[in-house]
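Have a look at it, and then we will walk through one part of it together.

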Amino acid sequence: MCPIHATATAAIAFGVLAGFAVPAHAQVTAYEGARVIVGNGSTIENGTVVVDGARIVQAGSAKNVKVPANAKRVSLTGKTVMPMMIDTHVHLSPTRERLVRDLKQRAYWGVSVATSMGSDNVDLMPMRNEVIPGAARFLSAGRGITMPEPGRIAVVRQQWITTEAEARKAVHELLKYKADIVKIWVDDRGGKYKKLTPELYGAIIDEAHKAKLRVTAHIFNMEDAKGLMRANLDFFAHGVRDRDVDDETLAMFKQRPRLFVIPNLPDRGVKVDRSWMKPGMSAEEFAKLEAANIDNPKAQGFHGIQARNLAKMVAAGVRVTLGTDGNRPWGAHEEIQDMVLAGMTPMQAIVAATRNGAELLRIDGGTLEAGKSADFVVLDANPLDDITNTRRISAVVLRGSAVDRSQPAL
């Protein structure tokens, strides 16, 4: 994926997609005639979105939008437009070259923001302030905090603590790098390690809140989820994974309407059709994925617990966002399908992947409304009919400019 050049040559080279022209550089442009999925739960038939530079200046039905006389008009008749998705939980690469590749790949797949959760090379955190053409925005939790886990990862990019003093000091280390979020792990990894105690994670949350930082937690067990809620955790980086949540857990969530959950549903353990991924990756990468694309009854059971818990969370009114964990740039499309298979409606899943993600991260974007960043995907089919239609991408517009999808960032 190449940087976008504001030239007529570039516009011809990759601005013409699926039979319509998408400007490859900033100008006033009116995208007309599409079904517009706003991202807030509403839909506009025969919608018009007017973009000036990197921002949306008007969005609404064609009859209510006055297109400026100098605007370039792009017909999207028969298409569906939705906001780019926001991935609130990933783990990105530790070198600049690979990180740029990660972010460009996400833009290719229609993801506008990626939040790296706690295993980052802190020397790369200044990249959050860069606007890289054709690349998703980068947010970071820096080096997350946990009890010592020697040998679990080859290169340790965590802060290990054993005392309350160390816990509070670790928060201040993150302040030096202006981390967007504090990430903690509360998990004994199947009994292999000691996990953060309520006293330790309570100290982290307390110190972070004093500094106006929010805290998210990797969890596995339901009882830890309860303890973290009592300690005023801001959001969960995973759902409960050890068992079906009980009534007390649901009641505690209901008492905390501002709390978010990133379900990060695991592999469903069933062989699936991945042919839609082939244009976006190398043959070697695709072959490796296909080798692991098998039925796995054990994984199916593990997935079932989390899918049922997600359905209960949604029914209880818990705010859910989309996160994929790991480093799969296409993963948002798998995750949003899994959320629907777990019981969410396509509209609920889209709102979780767009507006809710922006609200969780407190960033611009997430909806197609005046004043928001012009980050949207043009689709060949309606994802409200079939959520897998998020994969049928005709074009991606990021910060008002077309993303080059003529080839993936390999």
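Predicted model: local features only at pLDDT ≥ 70, side-chain atom pairs only at ≥ 80, totals over all residues.

Residues are numbered from 1 along each chain as its sequence is written, and side-chain values use heavy atoms, with hydrogens and water left out.

Let us begin with an open sheet of three strands, ordered β8-β9-β10 and paired in parallel. Strands here are DSSP runs of E with at least two residues, and helices are runs of H or I with at least four, numbered from the N terminus; two strands pair if DSSP finds at least two bridges between them. At the edges lie β8 and β10 (137–140), each pairing on one side only. Strand β9 (residues 111–116) is joined to β10 by four bridges, and S116 faces S140 of β10.

Now find helix α2 (residues 96–108), which packs on this sheet and touches β8, β9 and β10. Touching, or contact, means heavy atoms within 4.5 Å.

Finally, look at H89, which sits in strand β8 (residues 85–90). Is H89 buried or exposed? H89 counts as buried because its relative accessibility is 1%, where buried means under 20% relative accessible area, exposed over 50%, and partly exposed in between (1.4 Å probe, protein chains only). Among the residues that H89 touches are T115, K183, H238 and D325.

Terms used
Axes fitted to C-alpha atoms, helices over the stretch in contact; angles between N-to-C directions. Lists of a residue's contacts leave out its neighbours within four places in sequence.
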